[in-house]
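Reader: Please walk me through the helix packing, the chain interface and the sheet of this structure.

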Amino acid sequence: MHVTSPVREPLIQGGKTYADVTEDICRHVEAAPTKEWKIAFGLSLIVLAYGSVCLAWTWWEGLGVWGLNKTVGWAWDITNFVWWVGIGHAGTLISAILLLFRQKWRTSINRAAEAMTIFAVICAASFILMHMGRPWMAYWALPLPNAFGSLWVNFNSPLVWDVFAISTYFSVSLVFWYIGLIPDLATIRDRATSKVSKFMYGTFAMGWDGSAKTWARYEYISLILAGLSTPLVLSVHTIVSMDFATSVIPGWHTTIFPPYFVAGAIFSGFAMVQNLMLITRVVYKLEDYITLEHIETMNKVITLTGSVVGVAYITEFFIAWYGGVEYEYYAFFNRMTGPYWWAYWAMMTCNVISPQLFWSRKLRRSITFTFFISVVVNIGMWFERFVIIVTSLHRDYIPSSWAMFSPTRYDIGDYIFSFGLFFTLFLLFSKYLPVVNMAEVKAVLRSTSAQLPAKIAGVAKVRQRGAAEPAYNKDQE
Amino acid sequence: MAELSGKYLVGVYDDDDTVLHAVPKLRKAGVKIKEVYSPFPIHGLDEALGHPRTRIGIAAFMFGVTGCCCVLTLMIWTMGYDWPMIIGGKDPISIPNYIPITFEGTVLFTAFGMVITFLISNGLGPGTHFHPRFDVRATDNKFIMAIEVSRNSMSEEEISRALKDSGAEEVNIKQF
């Protein structure tokens, strides 16, 4: 029985029918690429090409082309890595954690958010390969006898944990995303007119027929995959934070890191989802699917995680003082007032103050403002990692080794490479795959839709038919 | 989907509620339903059709246990026996340090094992897309009920009438 609480707005606006959903989403996949898409794709290819040249030179010449020095041995590369991995977390949060919490609004955005996760993790992984300097040796990070002698990788090291965490996270996210795509690929396959698309979508839909048995198993494995992905996503950023926390560098050696990093990851990830969805929504005219309600809900998550991050910053600072360890205290004092004060205050402004503006309902529901704050949050989160990494390192224990870090054109170029890669992949996704999960939207459509005039559409429908009480509990999802 | 053969009556419904209510009605009338195809999951439909509960969860658990054991064995053997090393003054076999990778390995094995089981048990895979289906609208907006004529004791007309009575908007005959 469909019963919708009358106080809630329908999730999908515009009185859509099932056929409308198919039509609205498939239209963009089936139509020829638009001019705007071609321009955007061309631009990202140019950015990618520039980045690739910088990257090629980085590998050819060696990591000496970066601005690293003896004191600051980790800088932009690791900053970018943590930043991208963090962004990836929002997709899994939306698709897995919100599934477990039965948040139906996620159905309109989960497909694109998961795609974003996968592309962000690819970008993050590219920084791991970059910082190896010799990417052809990357397989040495796998549990092989070292250099094929008898010495193995060190399983006690968080850096090795990271190898397992990131690769598991990437492959499980990819599988989760692909399983969700199969029913929609089948829809496109059944509508396809050209031979090529019939073959391609048909192959990737793998003979999906939508039988009740298949759907029952599909739902079951979606639930288990969500249950697996939830601790997985938390473990990934926990392990990333342990790359720092298990070291003895003042400013890194703190037990608060895992929850603080996870909250920060979700915070920046949601901001990136907002950026992408606000553009996609306008370009693809998906205003009925991604409504102001969705945007507002995501802004609430941003405010919540932003507040967690803010509390973590303050706690960290308090403990640095209260702990009474002068090196620890100096590391934090130096962040705030040292030569990198601007990075620290940029981080504080962007991450602690800006999300608090969303307490105003008007701002929370303003699309322009949301977009602006999302960009600000992502800048802030990049600075957070920069502050943690560079300002903790640059003042070494001996003042004679104090140094500053300034990025070279290759530091910047390699960062630009990741943007080129990300947007190229995202644009390909948004053109050739359905950006909204049609099957899941159809499943929540009726229980929340405006197909019937009353907001209590579900109740009205049952009464109207005069049916006996249904024998099956059909609470969707 | 497996290959189909024989003669089928195909009822087309345009509403998930209708089809869900039609299933017990038809079964009570003695119609043997082969399967119902829908564009999205309908809760309670598989129970209504009398499908047994999926056992994929058991498979998933087994894969998880396998993954956990494999990864833990790898670490204990390499770090403790093949080339023992004392790192950070800890015992060569220090289980707390192995927890993260054990967890990741468990998740990896479970996810992949379960998904492969899912694909195999549903007959999904590359090269199956040319298999015939009852009605392609099942992936768009229609709910398709297939009834194999030879497996029913009722006549075609009777089944057809029962389908119409239960709310089907069309009844087609499909011969493979």
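Questions and answers on packing, interface and sheet follow.

Author: This is a predicted model, in which local features need pLDDT of at least 70, side-chain atom pairs count only at pLDDT 80 or more, and totals for chains, interfaces and linings use all residues. Residues are numbered from 1 along each chain as its sequence is written, while chains are lettered from A and ligands numbered from 1 in the order in which they are written.

Reader: Which element gives the most residues to the side of chain A that touches chain B?
Author: 59 residues of chain A are in contact with 62 residues of chain B (contact: C-beta atoms, placed from the backbone, within 7 Å). The elements of chain A that give two or more residues are α1 (18-30), α5 (158-191), α6 (195-205), α7 and α15 (438-448). Helices are DSSP runs of H or I of at least four residues, strands runs of E of at least two, numbered from the N terminus. With 16 residues, the top contributor is α7(A).

Reader: How many charged residues are on the side of chain A that touches chain B?
Author: Ala, Val, Leu, Ile, Met, Phe, Trp, Tyr, Cys and Pro count as nonpolar, Asp, Glu, Lys and Arg as charged, and the others, Gly among them, as polar. On that basis, this side has 33 nonpolar and 17 polar residues, and the charged ones number nine.

Reader: At what angle do α7(A) and α3(B) cross?
Author: α7(A) meets residues I56(B), G57(B) and A60(B) of α3(B) through R217(A), Y220(A), I221(A) and I224(A). These divide into five nonpolar, one polar and one charged. Axes are lines fitted to C-alpha atoms, for helices over the stretch in contact, with angles from 0 to 180 degrees between N-to-C directions. The axes of α7(A) and α3(B) (residues 56-82) come within 10 Å and cross at roughly 35°.

Reader: How are α7(A) and α8(A) oriented to each other?
Author: The axes of α7(A) (residues 212-245) and α8(A) (residues 257-283) come within 8 Å and cross at roughly 125°. The contact has nine nonpolar, three polar and no charged residues. Angles under 35 degrees count as roughly parallel, over 145 as roughly antiparallel, 65 to 115 as roughly perpendicular and the rest as oblique. The two helices are therefore oblique.

Reader: How does α4(A) run relative to α14(A)?
Author: α4(A) (residues 110-132) and α14(A) (residues 409-432) pack with axes 10 Å apart, at about 150°. Their contact has twelve nonpolar, two polar and one charged residues. Among them are F119(A) of α4(A) and F422(A) of α14(A). The angle makes the pair roughly antiparallel.

Reader: What percentage of residues 98-120 of chain B is helix?
Author: The unreviewed UniProt entry annotates residues 56-78 and 98-120 of chain B as "transmembrane region"; such annotations may be inferred rather than shown by experiment. Over residues 98-120 of chain B the end C-alpha atoms are 33 Å apart.

Reader: Which residue of β4(B) is the bridge partner of L9(B)?
Author: Six bridges join β1(B) (residues 7-13) to β4(B), and the two run antiparallel. In β4(B), the partner of L9(B) is I173(B).

Conventions
Two residues are in contact if their C-beta atoms, placed from the backbone, lie within 7 Å. Two strands pair if DSSP finds at least two bridges between them.
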